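Subject: Handover of a structure and summary of findings

Dear colleague,

Please find below the structure that I am handing over to you.

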Amino acid sequence: MILHSKIAGISFEGRQSLIQSLSVGVELFLQRQPDNFYDKNAIKILTKEGEHLGFINRELAEGMAYAMDNGNKYRVQITDITGSADKNFGVNIEIEKVDFTEYGNCCPGCGRAECNGCMGEIIK
């Protein structure tokens with residue numbers, strides 16, 4: 001199943017300038033933030049360099065957080081960048097749950113039958 005959403009929180013902490021360096025098709029990464037003061041289901045969205053871009057919106061995060069806490073992995077990709085430099089930018093994303101069976105029950109990151117941890121870095 002593929003979900004479509006907008007990144008939440010992209011107008012804070014200088015993230016607008018970060019968006020200008022991104023493009024459609026760029027892969028993003030998720031990181032659970034269970035100790036987040038504002039939302040125990042928070043899921044950060046990061047660039048491959050580890051820069052904080054924003055969050056999964058609260059409604060989606062509520063269901064995804066439980067799944068991530070139980071070992072599910074997701075692939076995230078930018079599908080559109082909206083707005084302009086004279087207005088706030090927005091980022092639309094596609095979220096897809098990773099199904100290990102499509103890789104023959106091996107890790108798509110390293111190809112091993114058991115992950116060895118690389119998926120924790122590649123797809124969180």
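With which side chain does the side chain of Ser5 make a polar contact? The partner is the side chain of Asn57, at 2.9 Å. Please bear in mind throughout that the model is a predicted one.

Overall organisation

The protein has 3 helices and 6 strands. Their order along the sequence is β-α-β-β-β-α-β-β-α. Of its 124 residues, 38% count as buried. Among contacts with a separation of 6 or more, 52% are between residues 24 or more positions apart.

Ser5 belongs to strand E1, which covers residues 2–6. Its relative accessibility is 11%, and since buried means under 20%, Ser5 counts as buried. Apart from neighbours within four places in sequence, Ser5 is in contact with Asn57, Leu60, Val91, Asn92, Ile93 and Ile95.

Asn57, the polar partner of Ser5, is located in the loop that runs between strand E4 (52–55) and helix H2. Once neighbours within four places in sequence are set aside, the contacts of Asn57 are with Ser5 and Ala8. The side chain of Asn57 also reaches the backbone nitrogen of Glu59, at 3.1 Å. This second contact is made by a side-chain oxygen of Asn57 at the start of H2.

Asn92 is part of strand E6. With a relative accessibility of 19%, Asn92 counts as buried. Although Ser5 and Asn92 are separated by 87 residues in sequence, their C-alpha atoms are 5.7 Å apart in space. Besides Ser5, Asn92 touches Lys6, Gln77, Ile78, Thr79, Asp80 and Thr82, with residues up to four places away in sequence not counted.

Helix H2

Helix H2 comprises residues 58–69.

Which residues of H2 are buried? They are Ala61, Met64, Ala65, Ala67 and Met68. These residues cover an arc of only 170 degrees around the axis, and therefore they lie on the same side of H2. The buried residues of H2 pack against E2, E3, E5 and E6. On the face turned away from the buried side, H2 carries the exposed residues Glu59, Glu62 and Tyr66. After H2 comes Gly71, which has a positive phi, near 95 degrees.

In soluble globular proteins, nonpolar side chains tend to be buried together. In this model, the largest nonpolar core has 23 residues, and Leu30, Ile56 and Ile93 touch the most other members. Two or more residues each come from helix H1 (15–19), strand E2 (27–32), strand E3 (43–46), helix H2, strand E5 (74–82) and strand E6 (90–97). The element that gives the most to this core is H2, with 5 residues.

What does Ile93 touch, when residues up to four places away in sequence are not counted? Its contacts are Leu3, His4, Ser5, Ile7, Leu28, Ile45, Ile56, Val76, Gln77, Ile78 and Thr79.

Aromatic residues

Phe29 has its place in strand E2. Its relative accessible area is 16%, so Phe29 is buried. Phe29 and Gln77 are 48 residues apart in sequence, with a C-alpha to C-alpha distance of 8.6 Å.

How many aromatic pairs does a search of the whole structure find? The search finds 1. The pair consists of Phe37 and Tyr38 and is edge-to-face, with 5.2 Å from centre to centre and 85 degrees between the planes.

Points to look at in the viewer

- The polar contact of 2.9 Å between the side chains of Asn57 and Ser5.
- The buried side of H2, with Ala61, Met64, Ala65, Ala67 and Met68.
- Leu30, Ile56 and Ile93 in the largest nonpolar core.
- The edge-to-face pair of Phe37 and Tyr38.

Yours sincerely

Methods
Residues are numbered from 1 along each chain as its sequence is written. This is a predicted model: local features need pLDDT of at least 70, side-chain atom pairs count only at pLDDT 80 or more; totals for chains, interfaces and linings use all residues. Side-chain values use heavy atoms; hydrogens and water are left out. A nonpolar core is a set of buried Ala, Val, Leu, Ile, Met, Phe, Trp, Tyr and Cys residues joined through side-chain atoms within 4.5 Å. Buried means under 20% relative accessible area, exposed over 50%, partly exposed in between (1.4 Å probe, protein chains only). Helices (H or I, at least four residues) and strands (E, at least two) are DSSP runs, numbered from the N terminus. Contact means heavy atoms within 4.5 Å. The arc is that of the directions from the helix axis to the C-beta atoms. A polar contact is a pair of N or O atoms within 3.5 Å; within protein, one must be able to donate a hydrogen and the other to accept it, and residues adjacent in sequence count only if both atoms are side-chain atoms. Rings of Phe, Tyr and Trp (its six-membered ring) pair if their centres lie within 6.5 Å; planes under 30 degrees apart count as stacked, over 60 as edge-to-face and the rest as tilted.
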